[in-house]
Amino acid sequence: MARKEGGWLTNMQMQKLVYIAHGYHLGVLGAPLFRDRVYAWQFGPVIPRLYDALKIWGADFVKKRLETLTPPIKPDTAEWKVIEVVWAGYGNFSGPELSAMTHKPGSPWALAWEPGKKNPIPDDTIEAYYRQLINASGIPEQPVAG
């Protein structure tokens, strides 16, 4: 979506946007967007396999398409719609801004984070949090504390 708009995303933006899309997918559809576990790392929620694929880019823009083991999500599906809505609401934020959104008190990251540890963030915790955000304000066209 970023490339279609003539832009690029940083490693951190991609990590946080994928996490936020996963959260809204759980909150709206009650099912995970992907199978990997999310962990509470020092700088926010992280999907380790995605992190490993992106770390070569450091803080720079990721300028290569990532390979996946699963087929891409097709347009005109519920999954794609959630991703589009998340992109519309969150796609223009920087990595640090997105990170701050995922660090709010009471967020799934805040509940799982312990200094020096990389604890898993259970999908049911993510789902409950995003369902609460959706119930409070609907699916965002503008960002909601994620």
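How do the residues of the lining of the largest pocket divide into nonpolar, polar and charged? In this predicted model, they divide into 23 nonpolar, three polar and eight charged residues, and the views below begin with that pocket.

**View 1. The largest pocket of the predicted model, with a volume of about 1700 Å³.** A total of 34 residues line the largest pocket, and those that lie nearest its centre are Met-14, Val-18, Leu-50, Leu-66 and Thr-68. Helices contribute to this lining, with H1, helix H2 (48–54) and helix H3 (78–90) each supplying at least two residues.

**View 2. The second largest pocket, with a volume of about 240 Å³.** Its lining is made up of 13 residues, among which Asn-11, Met-12, Phe-43, Val-46 and Tyr-51 are the closest to the centre. The helix that gives the most to the lining of the second largest pocket is H1, with four residues. By class, this lining holds six nonpolar, five polar and two charged residues.

**View 3. The packing of helix H1 (residues 11–29) with helix H4 (residues 95–102).** The axes of H1 and H4 lie 8 Å apart and form an angle of about 35 degrees, and the crossing of the two helices is left-handed.

**View 4. The residues through which H1 and H4 meet.** From H1, the residues in contact are Met-12, Gln-13, Lys-16, Leu-17, Tyr-19 and Ile-20, and they meet Gly-95, Pro-96, Leu-98, Ser-99 and Thr-102 in H4. Sorted by class, the contact of H1 with H4 comprises six nonpolar, four polar and one charged residues.

Conventions: Residues numbered from 1 in each chain as written. Predicted model: local features only at pLDDT ≥ 70, side-chain atom pairs only at ≥ 80, totals over all residues. Heavy atoms only, no water. Axes fitted to C-alpha atoms, helices over the stretch in contact; angles between N-to-C directions. Left-handed = near helix turned anticlockwise from the far one by under 90°. Contact = heavy atoms within 4.5 Å. Nonpolar A, V, L, I, M, F, W, Y, C, P; charged D, E, K, R; others polar. 1 Å grid on protein atoms, 1.4 Å probe; cavity = no way out; pocket = protein on both sides within 12 Å on 5 of 7 lines; lining within 4 Å. Points joined across faces, edges and corners; volume = space filled by probe spheres on them.
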